[in-house]
Amino acid sequence: MAVADVIRRSTDWPAAMEGAPIPGRCRFCGISLRNCVVDLGMSPLCESFLGRGQLNRMEPFYPLQLWVCENCFLVQLEEYVGGEDIFSDYAYFSSFSDSWLDHCRRYVNQMISELRLTADSEVIELASNDGYLLQFFVERGIPVLGVEPAANVAKVAAKKGVPTIVKFFGRQTANELAAKGHSPDLILGNNVLAQVPDINDFVGGIKTLLAPRGVVTIEFPHVLQTIDGNQFDQVYHEHFSYFSLYSADRIFAAHGLPIYDVEELPTHGGSIRIYAGHAEDTSKSATDRLFALRAREAEAGVDTLAYYAEFEARVRETKRRLLEFLIDAKNRGKRVVGYGAPGKGNTLLNYCGIRSDFVDFTVDRSPHKHGKFLPGTHIPIFSPEKLRDARPDYVLILPWNLKTEIMEQLADIREWGGRFVVPIPEVEIYP
């Protein structure tokens, strides 16, 4: 489908693009949500880590049900807690994964080369976290600005020399920045689109702020990989939406930002990076990569309800297999600990009912999580040095998308016969 065709089709939903999303309705096109993809039960907010003094207090749980819109096929959750409650003080810091930093460094080099960015250019990142990516533009002398809603995370970015404003991004923030003279040649967002409750306000803001010949790149886990790879733990309340190229095409085109290129990436179990520009900018044309991925999605059936129908059965089977492994390991007197405290891990543990009776503790490289407890399951979090003292028989890798990096970092557990367990897409044991 040509870019112009997407723009024409997107005009079917103009009314839904104004105002906040309505509960029970698609957050893009506004029709009623009637098709549940998977029900993961009740779950706490996955980044709401607990201090010891909070363990005996009431902890809020919310329904974790994934829906697909039968009109635009945006996969999504209902919003139970607003972004201000989730992201104003955030526990996720992007800089603690070496492979992710390498990915970002490559991206920066690629964009500088392809877009011919110079000291006269401007780059703005939406949800810039702790400056993990913009720091590499700063090193190359490219002016940058981060927009980050979590004040605690933004302070870390500032210490790295990355100018950052503490704001949620949308049309209002875009207008404020434009009024101050900002007109970025590149706007980027990595793994932020899923975390936006009001998708129309967010993308509409990009349209307002982007320079006339500018480029926006957005990375997000590809729903095709999420479904086909049985990656149900990617679902949590902090992620409001889950995108195919099909749904992203319609959203961005509806706001006058047609997608003209796409890259497939290995990050987060399989992601895509979309490239878009203004509809009025005739210098950009759709690439063969874009047409090829559209065709592949069409063949898979992402624009049909049937594609999503069997996901829940596979999710339930994975739960049974993981519990079978843990029950058998405990019956044999084996010790199991976790590695990592990611959002996806908390979805997995809470859905499967895994607490410290199965997993003694978990470790994480982020010092911001040490001494705290996982939400819902109350599994304690320590620094990675705890592994050598505990000498576990099995290490359950919760951020399975980083399994290669983690197994290399923890190679010494093999000294005492320790083994790795990767739960997704199905339980696998690695020596």
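**A walk through the sheets and helices**

Hi everyone, let's start inside a sheet: Y394 stands opposite R419, a residue of strand β16. Before going further, this is a predicted model, in which local features need pLDDT of at least 70 and side-chain atom pairs count only at pLDDT 80 or more, while totals for chains, interfaces and linings use all residues. Residues are numbered from 1 along each chain as its sequence is written, and side-chain values use heavy atoms, with hydrogens and water left out. Helices (H or I, at least four residues) and strands (E, at least two) are DSSP runs, numbered from the N terminus.

Back to that pair. Strands β15, residues 394-397, and β16, residues 419-422, run parallel and are paired over three bridges; two strands pair if DSSP finds at least two bridges between them. They belong to an open sheet of six strands with mixed pairing, in the order β14-β13-β12-β15-β16-β17. At its edges stand β14 (381-382) and β17 (428-430), each with a single partner strand, so one side of each has no neighbour in the sheet.

While you are there, look at the loop between β16 and β17, where P425 is found. The peptide bond joining I424 to P425 is cis, with omega at about 5 degrees. As background, most peptide bonds are trans, and most residues other than glycine have a negative phi.

Now for the other sheet on my list. It is open, has four strands in the order β1-β2-β3-β9, and its pairing is antiparallel. Here the edge strands are β1 (35-43) and β9 (241-242), each pairing on one side only. Six bridges hold β1 to β2, and V38 has L66 of β2 as its bridge partner. Next along, β2 (residues 62-68) pairs with β3 (residues 75-76) over two bridges, again antiparallel.

What lies between β2 and β3 in their hairpin? Six residues do, and in that turn F73 has a positive phi of about 60 degrees, although F73 is not a glycine.

The loop between β2 and β3 also holds E70, whose partner R34 sits in the loop between α1 (3-10) and β1, 36 residues apart, so to speak a link between distant parts of the chain.

On to the helices. Two packed helices are described by the angle and the distance between their axes. Axes are lines fitted to C-alpha atoms, for helices over the stretch in contact, and angles run from 0 to 180 degrees between N-to-C directions. Angles under 35 degrees count as roughly parallel, over 145 as roughly antiparallel, 65 to 115 as roughly perpendicular and the rest as oblique.

How do α6 and α7 cross? The axes of α6 (residues 171-179) and α7 (residues 199-209) come within 7 Å at roughly 15 degrees, and the two helices are therefore roughly parallel. On the α6 side, R171, A174, N175, L177 and A178 meet N200, D201, G204, G205, T208 and L209 of α7; contact means heavy atoms within 4.5 Å. These residues divide into four nonpolar, five polar and two charged.

Next come α9 (residues 245-254) and α10 (residues 288-300), with axes within 9 Å, crossing at roughly 120 degrees. That makes α9 oblique to α10. L245, Y246 and D249 of α9 touch L290, L293, R294 and E297 of α10, giving four nonpolar, no polar and three charged residues.

Last, α11 (residues 311-331) and α12 (residues 343-352) have axes within 10 Å and cross at roughly 80 degrees, which makes α11 roughly perpendicular to α12. V315, R316, K319, L322 and L323 of α11 make the contact with L348, Y351 and C352 of α12. Of these, six are nonpolar, none polar and two charged.

Technical notes
Ala, Val, Leu, Ile, Met, Phe, Trp, Tyr, Cys and Pro count as nonpolar, Asp, Glu, Lys and Arg as charged, and the others, Gly among them, as polar.
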